Amino acid sequence: MNNTIRVPSTIQTQIVDETAQNTIYKKVAWRIMPLLLVCQLLAYLDRINVGLAKLQMGQDLGFSESAYGLGAGIFFLGYFLFEVPSNIMLHRIGARRWIARIMISWGLVSAATMLVTGTTSFYIMRFLLGVAEAGFFPGIILYLTLWFPSARRGRMTTLFMTATAASGVVGGPISGWIMTAFGGIHGLAGWQWLFLLEGLPSALMGLVVLRYLDDGIESAQWLLASEKKVLREALNRDEQARAAVTPRSSVNVIVLSSLVYFLLLAGLYGIGFWLPTIIRESGVSSAEEIGMLSAIPYICAGVVMNVVAYSADRKRAWKSHVALAAFAAAAGLLASTYWAGTLALSLAALSVATVGILSALPLFWNLPTMMLRGVAAASGIAVINSMGNLSGFVSPLIVGWLTQRSHSAADGVQFLAACVLVSGLLTLLMRRCSAEN
């Protein structure tokens, strides 16, 4: 008697198709994601190294705290003004050439910051750096929509943003080492070497992008015709789901998404503001020890954010995962202010906050990209990102004012916790789209 259980042919076909698709998408991911990860790591380093450079730069050039703060904030002004035009250009001329242009120009501008001699030249270089970098992050978000459907894009966006967590781990130690080891060589200060040695690799990576990055599926010579067909069909199904979105609803998506992103980024900048302070207030005085301890929340985030992304993509539940991650981040920020005197507890709370925000941010991008298409996607993603990054200018001002008024950073961090909490609530209001739940 034959007891063999026969699997229906339709189920067998589905299993074979899914296995084949997984193989193709792994091939695509291994081709483009390592390059994009390196680009993001360099971008974040070039953006934040001015904070460490300030320790020497401010003294050498006689910067006041207000002058430095204005110069740091002017970056976001240039970034804001040129974000949308930059993403539209990427949509028109292709990702390969435009992303390469962005990297080369921002790398050269960052390196040239070593030449500043006073506040005016500092303001100019920071503004130009914002102009040069404008369009990079939203350009990558747009670029990923050219390869991955929504059901797979959350993991890829999260993987890309893992580079942000990695830069939080390695950026401080590397920058500190450059300033210490190279200071005085050839008559240049440590902060000058910092801008030079962290700026030029970005420009060189732009040349690598120009050589190896493909504009999209059709230009990828390393893909077989059958593989391109599978990728196109998956993207076409996504496009059909977006076709029902009207221009009016697109505007609503952009406005609500911009507000959510602004509030999420306010929390991220809040962690950067609060993390060194709470470690110092708990009794750690060594800058080196503070830097090492500050890496712990980012290490946790680098692991957990990818697990959360896998869960969100598998369940096709990006909205709920973003909201829950935001709620966890708000709780972590709030708890850190009550445990400020205890290093272990406060660091654990800030680790929860960092994990929550860095898990929410990449998955958030699945929501607007599922509902925007064509030029509306290119311009809409840029608007959302530029409006969100204005929090890098606004939130430190508010936190600084609250801190000065109460003589405690706790009030400012509690305000940021409220921002992140509201971002989670607003996420739940975003339009239900496709199979997302």
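Helices here are DSSP runs of H or I with at least four residues, strands are E runs of at least two, and both are numbered from the N terminus. With that settled, I looked up Arg316 and found this residue in the loop between α10 (287-315) and α11 (318-338).

**Ground rules**

I'm working on a predicted model, so I noted that local features need pLDDT of at least 70, side-chain atom pairs count only at pLDDT 80 or more, and totals for chains, interfaces and linings use all residues. Residues are numbered from 1 along each chain as its sequence is written, and side-chain values use heavy atoms, with hydrogens and water left out.

**Whole chain**

I looked at the secondary structure and got 16 helices and zero strands for the protein chain. Next I checked burial (buried is under 20% relative accessible area, exposed over 50%, partly exposed in between, with a 1.4 Å probe and protein chains only). Of the 437 residues in the protein chain, 52% are buried. Then I went to contacts, meaning heavy atoms within 4.5 Å. Taking contacts between residues at least 6 apart in sequence, I see 83% joining residues at least 24 apart.

I have Arg316 down as partly exposed, because its relative accessibility is 26%.

His186 also gave me a positive phi of about 55 degrees without being a glycine. I place His186 in the loop between α6 (150-182) and α7. Buried or exposed, I wondered about His186? His186 counts as exposed, because its relative accessibility is 72%.

**Phe63**

I found Phe63 in the loop between α1 (9-61) and α2 (65-93). Phe63 is buried, because its relative accessible area is 13%. Which residues does Phe63 contact, leaving aside neighbours within four places in sequence? I listed Met57, Gly58, Gly118, Thr119 and Phe122.

**Ser391**

Ser391 belongs to helix α15 (residues 391-406). I logged Ser391 as buried, because its relative accessible area is 0%. A polar atom of the Ser391 side chain sits 2.7 Å from the backbone oxygen of Gly388.

**Around α3**

Two packed helices are described by the angle between their axes and the distance between the axes. The axes are lines fitted to C-alpha atoms, for helices over the stretch in contact, and angles run from 0 to 180 degrees between N-to-C directions.

*α3 with α7.* I got axes of helix α3 (residues 95-112) and helix α7 (residues 190-212) that come within 7 Å and cross at roughly 165 degrees. That makes α3 roughly antiparallel to α7 (under 35 degrees counts as roughly parallel, over 145 as roughly antiparallel, 65 to 115 as roughly perpendicular and the rest as oblique). Their crossing is left-handed, i.e. the near helix is turned anticlockwise from the far one by less than a right angle, while clockwise would be right-handed. By class, I have 15 nonpolar, five polar and two charged residues in the contact of α3 with α7 (Ala, Val, Leu, Ile, Met, Phe, Trp, Tyr, Cys and Pro count as nonpolar, Asp, Glu, Lys and Arg as charged, and the others, Gly among them, as polar).

I then picked out Leu210, found in helix α7. Leu210 counts as partly exposed, because its relative accessibility is 35%. Not counting residues up to four places away in sequence, Leu210 touches Arg96, Arg97 and Ala100. I also noted 9.3 Å between the C-alpha atoms of Leu210 and Ala95, which are 115 residues apart along the chain.

*α3 with α4.* I have the axes of α3 and helix α4 (residues 119-133) coming within 8 Å and crossing at roughly 165 degrees. α3 and α4 are therefore roughly antiparallel to each other, and the crossing is left-handed. The residues making the contact include Ile102, Trp106 and Val109 of α3, with Met125, Leu128 and Glu133 among those of α4. I sorted the contact of α3 with α4 into eight nonpolar, two polar and two charged residues.

*α3 with α5.* Helix α5 (residues 136-145) packs on α3 at an angle of about 160 degrees, with axes 11 Å apart. α3 and α5 are therefore roughly antiparallel to each other, and I noted a left-handed crossing. Ala95, Ile99, Ile102, Met103 and Trp106 of α3 make the contact with Phe136, Ile140 and Tyr143 of α5. What classes do the residues of the contact of α3 with α5 divide into? I counted eight nonpolar, no polar and no charged.

How values were computed. A polar contact is a pair of N or O atoms within 3.5 Å; within protein, one must be able to donate a hydrogen and the other to accept it, and residues adjacent in sequence count only if both atoms are side-chain atoms.
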